[in-house]
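Biologist: I would like to go through this model term by term. Please set each value against its cut-off.

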Amino acid sequence: MKKLIKISLLTLASISLSVLASGGGSYLPNDEMPTYTSHRLTTSMQNGMQVYMNNCMGCHSLEFQRYNRTAKDLVIPEDLMISNLMFSSDKIGDLMTNNMPTASAEKWFGTAPPDLSLIARSRKPQWLYNYFRGFYQDDSRPYGVNNSVFKDVGMPHALESLQGIQAKTDEVKNLENEKEYALGDLASAQEKLKNEEGDSSELNALISKSEALIHENDEKLMELSESGNYFTLVKQGQLSPAEFDSAMTDLVNFLDYIGEPIKRERKSMGVYVLLFILFFTAVAYFLKKEYWKDIH
Ligand code: HEC
C-alpha cells in the first residue's frame, strides 16, 4: 500500500513538473492573445477564415475538414462560402485541400508547407499568435525575413501586404549582440576549464560574469517585448499594428476551431453535465435521508 502511494505521488509530481515546464516559452515576443466568447468569437472565426483562405490556403491545406461543416459551424451561408471563400473547389462537401505539389514545395521552401488541420493542438494558440506577429526583416535569409518565434523558418512573410515589414529595434539588436558575445565567452571559458588550460579562478570569474550579463540582457529583452518595443515598423502595411493584431487573433481563433470543431459544444455541454451532477447530488442526499429516517 505504502509503495502504491509513493508511486502515485511520484507520478503526480512528474505530471505537474511537466505541466510547469511546458507553460513558459523561451521565445519573444510572447504576448497574450485576447480571448473572445460567444457572438464575438463567431465573428472572429469568420474573419479568421477569410484571412486564411486569402493568404494561406494556397500553401497549407486543412484536409481533415470539409467546407460545408465549416460553413455550418461558423454560421456562413453556403452560397457566400462558395462564391467568396472557396478557390480550389466548388463542391461544398469537399475536403479543404489545395493543389500544392509536395515535392516541388520542398524544393522551393526547404520544407513542404504542412497541413494545418491540427496545428492549434500541436502548437498552442499563444504560440501561433506570436509566430504570425514575429516576422521581421533579416537580409541574410532567402526571403529577406526571419521569425523571432520560429528561427530560420522556411515560410515567406505571407502577411506582408497586411502587416508591412517590421525590424528589431536598435536596442534589441544591441542587447542580442552583447548576449551573443557573452555566450561565446562563456563557451570558450568552459572549454578551457574542462581542458585545464589557463587560470581556473580567472576562468570561473569570466564564467559568472558572462552568465550574469546573459541573464541581465534576457531580462531587458523581455521588458522591451512586454512594453511593445521589440519591433518597429519599417514599411507600412494595409493594416495598423492594432488592426493587424486583431486580424491575427481572428486567424488563430479560426485555426483553433479547425483543430477541434466540437470544442465550443464540448465546453457548453460541460456546464450542463456539472449542473446535472449538482442536481443529482441533491436528489441523492434527500433520498438517503428519506430511506434512513425510520432506521434511527
Ligand atoms: C508560400 C507558401 C506559404 C504561405 C502562403 C504560407 N505558408 Fe506557412 N509555411 C510554409 C512553409 C514552407 C512552412 C514550413 C517552414 C519550416 O518548417 O521551416 C510553413 C510553416 C508554417 C507554420 C509552422 C508549422 C510548424 O511546423 O509548426 C505555420 C503555423 C504556418 N506556416 C501558418 C501559415 C499561415 C496561417 C499562413 C497564412 C497567413 C501561411 N502559413 C502562409 C509556407 C507557406
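Modeller: What follows takes the whole chain, then single residues.

Modeller: This is a predicted model, where local features need pLDDT of at least 70, side-chain atom pairs count only at pLDDT 80 or more, and totals for chains, interfaces and linings use all residues. Residues are numbered from 1 along each chain as its sequence is written, and side-chain values use heavy atoms, with hydrogens and water left out.

Biologist: What makes a run a helix or a strand in the count for the protein?

Modeller: Helices (H or I, at least four residues) and strands (E, at least two) are DSSP runs, numbered from the N terminus. The protein has 12 helices and 6 strands.

Biologist: How does the radius of gyration of the protein compare with that of a compact globule?

Modeller: The radius is taken over C-alpha atoms, and the globule rule is 2.2 Å times the number of residues to the power 0.38. For 296 residues a compact globule would come near 19 Å, but the protein has 26 Å. The C-alpha atoms fill a box of roughly 90 × 65 × 40 Å along the principal axes.

Biologist: Why is Arg133 called buried?

Modeller: Buried means under 20% relative accessible area, exposed over 50%, and partly exposed in between (1.4 Å probe, protein chains only). Arg133 has 11% relative accessibility, so it counts as buried. Across the protein, buried residues make up 33% of the 296.

Biologist: Where does Arg133 lie, and what does its side chain touch?

Modeller: Arg133 lies in the loop between helix H7 (125-132) and strand S3 (135-137). Its side chain makes a polar contact with the side chain of Asp245, at 2.8 Å. A polar contact is a pair of N or O atoms within 3.5 Å; within protein, one must be able to donate a hydrogen and the other to accept it, and residues adjacent in sequence count only if both atoms are side-chain atoms. Contact alone means heavy atoms within 4.5 Å. Beyond its neighbours within four places in sequence, Arg133 is in contact with residues including Asp31, Phe231 and Met248.

Biologist: Why is Val75 called exposed?

Modeller: Val75 has 58% relative accessibility, so it counts as exposed. Val75 sits in the loop between helix H3 (67-73) and helix H4 (78-85).

Biologist: What is the phi of Val75?

Modeller: Val75 has a positive phi of about 55°, although it is not a glycine. Most residues other than glycine have a negative phi, and most peptide bonds are trans.

Biologist: Which peptide bond is cis?

Modeller: The bond from Leu28 to Pro29 is cis, with omega near -15°. Pro29 lies in the loop between helix H1 (2-23) and helix H2 (38-55).
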